[in-house]
Amino acid sequence: MIRVVLPQHLRNLARVNGEVQIEVAGPVTLGAALDALEAHYPVLCGTIRDHDTLKRRPFIRFFACKEDLSLEPAATKLPEAIVNGEEPFLIVGAMAGG
Amino acid sequence: MSKIRVLVGTKKGAFILTSDGKRKSWKVNGPHFAGWEIYHVKGSPADPNRIYASQTSGWFGQIIQRSDDGGNTWNTPGSNPEELKSPEGFPKGESNKFVYVGKAGTHKWYDGTQHPWEFKRVWHIEPSLSDPDTAYAGVEDAAIFKTSNGGRTWQELPGLRGTKGHLWQPGAGGMAVHTILLDPKNPKRIYVAISAGGCFRTDDGGKTWKPITRGLKSPYELPDPDAEVGHCVHRIALHPSRPDVLFMQKHWDVLRTDNAGEQWREVSGDLPSDFGFPIDVHAHEPETIFVVPIKSDSEHYPPDGKLRVYRSQTGGNEWEPLTKGLPQKDCYVNVLRDAMAVDSLEPCGVYFGTTGGQVYASANGGNSWDPIVRDLPAVYSVEVQVLR
């Protein structure tokens, strides 16, 4: 099980409070974690990644163990501390206001 | 006694305003979807408790919301527990999937080159006049989508983009299908309008479309007097008793057509400005129309700081300012294209919202106005339902 922290708006959309816990099958990569999250909370499809291309939406950021993984490829393995649930995987709405 | 429900989309959420038929005392309910941009909220004429909302965000993209109880509770279509009990269940998360048919192709970009079509958001949802589960969505980049299952899934009607779409070019506000009018006498006929794209009509339910822009003039931007696309249409409106007569607020000029768009003629007449966004038709008087003149395309506020609705009772050309109850000094708000609506009570009610967060209502066909709420976020859209 990995722990995932969603931004407030997506927590409201998925109707969850606080962190969510997701079972990821196979190697725990960035893409696999997002696949599992969307499979568990299908309402989030399209809100983090594009429906078709699966590209990260421009103002979404991914952090793991204080590392910014936003620009990393989907096959990037998440750190062990994320895999074993010690640390949460963070999905963040970017600071993009004005 | 009838009740009135006003559905307001704003920059930071949706609000539902309710009153009895006197339209004097109002309750404000909201914000729904707080913090999200709500481009449009509209109820089904066939089932007033069925309401669709377009919820969007620069961060998280497009969400479609639906209420089946008049706005008390909302679900993304397909995720309602009652729907999931159906034998086939339903894959959730499809209700916000707007994917262009086939290879998306390209349209004209600001520098004259071709640019890929990219879905951004739903500007307008037009529910069917007869079926609560059917609705049309006007989206940016400009296209029209249809749902026949209450918003669970949406399919593009690609014939619209096939109508010289490669020549459409976004304006400063984006390139969106912002107006969809359904002909109440001919279910196969639909009109749409696109800023900097033009005006189009289908007579076969959306398979094929034709530009209906003859008579529109945009001499500097479009020197070709026969240009079929590229006109900056801000809004079109019709009266249900006479769907071949359309009124248009264009980037410049107010126009009308008496033959379903085959030929337009200017009826700006004595308006103080020929720029503006909304236009609407009185519920009981097909020749009475309302506009809100705005000073030029670069300033986007009322002339002289006076917020005035202009009414023509002659189908255009002769206009009178309606000012009673509206601020007549130091007012620099705008009224956006989807932010005006009329109700069908007697006398006709007229409503509009401003970018300053006020929603004004007139319970007497525009003769006098009252703010029914003052301090909302910038208003994007206003729709009205009469509940009998």
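Two residues are in contact if their C-beta atoms, placed from the backbone, lie within 7 Å. With that in hand, let's walk through this predicted model, in which local features need pLDDT of at least 70, side-chain atom pairs count only at pLDDT 80 or more, and totals for chains, interfaces and linings use all residues. Residues are numbered from 1 along each chain as its sequence is written, while chains are lettered from A and ligands numbered from 1 in the order in which they are written.

Let's start with chain A. Its secondary structure comes to three helices and five strands, where helices (H or I, at least four residues) and strands (E, at least two) are DSSP runs, numbered from the N terminus. Read from the N terminus on, the order of elements is β-α-β-α-β-β-α-β. Among contacts in chain A between residues at least 6 apart in sequence, 55% join residues at least 24 apart.

The C-alpha trace of chain A spans about 35 × 25 × 25 Å along its principal axes. Of the 98 residues of chain A, 32% count as buried. A residue is buried if 20 or more other C-beta atoms lie within 10 Å of its own, exposed if 12 or fewer, and partly exposed in between, with C-beta atoms placed from the backbone.

Next comes the meeting of the two chains. Chain B brings 17 residues to the contact and chain A brings 16 residues. On the side of chain B that touches chain A, β6(B) gives the most, with three residues. That side of chain B divides into six nonpolar, nine polar and two charged residues; Ala, Val, Leu, Ile, Met, Phe, Trp, Tyr, Cys and Pro count as nonpolar, Asp, Glu, Lys and Arg as charged, and the others, Gly among them, as polar.

Two residues of chain B are worth a visit. Gly71(B) sits in the loop between β6 (61-67) and α1 (81-84) of chain B. Gly71(B) is buried because 24 other C-beta atoms lie within 10 Å. Leaving aside neighbours within four places in sequence, Gly71(B) is in contact with Ile16(B) and Ile51(B).

Asp370(B) belongs to strand β28 (residues 370-373) of chain B. Asp370(B) has 15 C-beta neighbours inside 10 Å, so it counts as partly exposed.
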